[in-house]
Amino acid sequence: MPRATVGERSFFELPLEAFDDVVALNLRGTLLPTRIFGPALVAGPYPAGGRSIVNFSSMAARRAMTRVVGYGVAKAAVDNLTRWLAVELGRASEGRVRVNAVAPGFFVGEQNRALLLRGGGTPTARGEAVLGRTPAGRFGDPAEVAAAVVWLSSAPASFVTGIVLPVDGGFDAFSGV
């Protein structure tokens, strides 16, 4: 949501409606499916390994990133909602419903391609900054996030709940120094 970014405008000029829109999209977009499908998930009987909700967070929830204040605030709220739901739904289901989240690092998609890559596929200044702080030295592949979601949803992860799993090539672990 370009209207919800800062950079060309200051934080103090950010339209509150745009801030509200990006928070609603990212926070309510996580909250509503759980409200709709949660009662059925909590109701038994339960399959082996229980049932699982996997939310989508972001590295912007854990680290202040330029331009995307509303997005970062909303994803930080998703992290907290994930932990809160892990406790509440876990208690309501006697531990048979788990709630976790994945926090993707930087993946090139249509939404951010121009921010990360030039036309020829070489990194922009922002892309170089990201790669310089990513120990894996590359952008992620969507299959890597999908694999994390599959694992968090599986029986082998049945004792994992309330976590936000970075899928970020080490971005969160590196201070940049």
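Guide: Here it is; note that the model is predicted. Start with Asp79, which is buried and has no salt bridge.

Visitor: How do you know that Asp79 has no salt bridge?

Guide: Look at the nearest side chain of opposite charge. That is Arg83, 4.8 Å away. A salt bridge needs a Lys or Arg side-chain nitrogen within 4 Å of a carboxyl oxygen. Arg83 is 4.8 Å away, so Asp79 has no salt bridge.

Visitor: What makes Asp79 "buried"?

Guide: The word stands for under 20% relative accessible area. Asp79 is classed as buried, so its value falls under 20%.

Visitor: Where is Asp79 found, and which residues is it in contact with beyond four places in sequence?

Guide: Asp79 is in helix α2. Leaving aside neighbours within four places in sequence, its contacts are Ser57, Ala61, Arg62 and Val164. Each is called a contact because heavy atoms come within 4.5 Å.

Visitor: Which elements give two or more residues to the lining of the largest pocket?

Guide: That pocket has a volume of about 900 Å³. It has 28 lining residues, with Ser58, Val68, Tyr71, Gln111 and Asn112 closest to its centre. The elements are α1 (16–42), α2 (69–92) and α3 (113–116). The largest share, three residues, comes from α1.

Visitor: Why does Tyr71 count as a lining residue of the largest pocket?

Guide: A lining residue has an atom within 4 Å of a pocket point. Tyr71 is among the lining residues, so it has such an atom.

Visitor: How does that lining divide by class?

Guide: The lining of the largest pocket has 17 nonpolar, eight polar and three charged residues.

Methods: Residues are numbered from 1 along each chain as its sequence is written. This is a predicted model: local features need pLDDT of at least 70, side-chain atom pairs count only at pLDDT 80 or more; totals for chains, interfaces and linings use all residues. Side-chain values use heavy atoms; hydrogens and water are left out. On a 1 Å grid over the protein atoms alone, a cavity is a set of points where a 1.4 Å probe fits but cannot get out, and a pocket is an open set with protein on both sides within 12 Å along at least five of seven lines; lining residues have an atom within 4 Å of a point. Grid points are joined across faces, edges and corners, and a volume is the space filled by probe spheres set on the points. Ala, Val, Leu, Ile, Met, Phe, Trp, Tyr, Cys and Pro count as nonpolar, Asp, Glu, Lys and Arg as charged, and the others, Gly among them, as polar. Buried means under 20% relative accessible area, exposed over 50%, partly exposed in between (1.4 Å probe, protein chains only). Lys and Arg count as positive and Asp and Glu as negative; His and the chain ends are not counted.
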